[in-house]
Amino acid sequence: MRPFWYRNAVIYQIDPTLFRDHDGDGCGDLRGVTERLDYVRGLGATAIWLMPFYRSPFEDAGYDVSDHLQVDPRFGDLADVVNLLEKAEELGLHVIIELVVQHTSIEHRWFQEARRDRHSPFRDYYLWADEPDDSIEPIFPTIEDSVWTWDEEAGQYYRHLFYKHEPDLNLANPRVVEEIERIMAFWLRLGVSGFRVDAASHLIEQAGEGDSAKGYWLLEHFRDFVSLRRPEAVLLGEVDVEPEHYADYFGDGDRLTLLLNFWANNHYFLALARSDASPLTRSLTEQPTPPRRAQYATWIRNHDELDLERLTEEEREEVMQAFAPDPDMRAYNRGIRRRLAPMLEGDEHRLAMAHALLFSLPGTPIIRYGEEIGMGEDLSRPERLAVRTPMQWSNEVNAGFSCAETARLVVEPIDEGPFSYRTLNVYAQTLRDDSLLAKTGNMIRSRIGLREIGEGKACPVDVGVPSVFAIRHDADSTVLMLVNLADEEVTVEIHDKDLEQLVDILADSDYEQPEGHPLRLRLSGYGYRWLRCKQQLFG
Ligand code: BGC
């Protein structure tokens, strides 16, 4: 496998609980994922990001790990992981799994040993105090009052940035780092192509004993560790911090390989809310350029709330007003607990445009299961769970997700309103060549063919129409991508001399061949056009 595969890749994010239930017990499983890898490959994706499948009491969707080296029985066993990896390899799909080491579950053996005995070597695996220090804000302020909880058995307070059932690991302890090495070595040996580093910014802070600036050694250490064992292995880091710190997370290309870019993500939504490309364009020019051996990862919606903390208060309010007018659509005083499709009122043209916009951005795009068909949310479920509903495969019972009795399902599929699985599902969209699924698949496959994006240099182009996002990607050849964020037709002018001979590669409809001087290009409302220089097409 090539070490730089991630430069030109599309990652498909899968929640094993909700993707496909193979054994009919009501919960998705690894065999179910394996069974549907053909679908993912058919869509054009080249990698999957598999969310937690480790042993866990499941109070935080498996991010509360109680044994990092075991598969939770609900998902199957280790042989199922091997089987999944073999099938993925056969299809040419890389597999990225989660490295959740900011905290463990309270049920983890390490914590059980630690709380039992002050002198146990496990005591120092966690963070303890005799008095709580309330200077740190909990990550879920509406759920937890403090990051410290008294533990009767331990006779001390333990720290937990997230939930009280997720005690924080002490990453400044070399023994904890050794444990993490064992975890990484184990899964790398089985054949994974890297890790999504959960809560990476908090890891750094703890590795630096409260001072992030002193904690980056941990990322360098992890990167060395993984790439010495498997040169193609990547670290995809969750880094929701101000963009001026991004450069620290990249280092000289020796820290994170891929950085989940919340800054661009927030400005993407501001641009959508305003039907004006400039906030997004500006965010791209303001963010640091990644070093040669690293890249940004971009996405629209993930499994969490749409956290809008990278916007100013007014901007955040603007996006909230546009996409989450009802307070019930919001979470944790900072975000939106909705999927993209309902935010855009299920408008397939606008949704296709939104996908075209994601795939036009520099970096590695990630698409979460169900986005390709425009799945909805279930606001009757609490907090982030609203966006975690089963994949809608067909209009058969339980959306084709599971053959268990509906009452036994981990989560019931959406079966009311315009996003019900009865009408909105993979099968129904497979039958229509103008469906969102068809359009998204075309975009993903075309995008993989446009190596300029992954390997070249990206530069916004001024086309003089605020609603149009325009960007060129230059490598040996050039691609120009235009996306109209508004619903009115527009015509843009291209003045760049070297962009005079363009042909469409992919567009929302048939457009006349661009011509004239300057070059004039029409875009329908919510239209998009990806073009390449003519002589480079078959040259
Ligand atoms: C995950 C969340 C999870 C949290 C705690 C985040 O990175 O995306 O879903 O609740 O980590 O592990």
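## Arg115 and Glu153

Arg115 and Glu153 join side chains in a salt bridge at 3.8 Å, N to O (the term covers a side-chain nitrogen of Lys or Arg within 4 Å of a carboxyl oxygen of Asp or Glu). Arg115 sits in helix α5 (residues 109-116) and Glu153 in the loop between β7 (148-151) and β8 (156-159), so this pair ties together parts 38 residues apart in sequence. Helices (H or I, at least four residues) and strands (E, at least two) are DSSP runs, numbered from the N terminus.

Arg115 is buried at 13% relative accessibility, while Glu153 is partly exposed at 46%. Here buried means under 20% relative accessible area, exposed over 50%, and partly exposed in between (1.4 Å probe, protein chains only).

## About the model

This is a predicted model, where local features need pLDDT of at least 70, side-chain atom pairs count only at pLDDT 80 or more, and totals for chains, interfaces and linings use all residues. Residues are numbered from 1 along each chain as its sequence is written, and side-chain values use heavy atoms, with hydrogens and water left out.

## Arg339 and Glu371

Another salt bridge pairs Arg339 with Glu371 at 3.4 Å, N to O. Arg339 is in the loop between β15 (335-336) and α13 (340-343), and Glu371 in the loop between β16 (364-368) and α15 (426-430), so the pair ties together parts 32 residues apart in sequence. Arg339 is buried, at 1% relative accessible area, and Glu371 is buried too, at 7%.

## The wider picture

Searching the whole structure turns up 41 salt bridges. Asp60, Asp304, Arg384 and Arg388 are linked up in a network of them.
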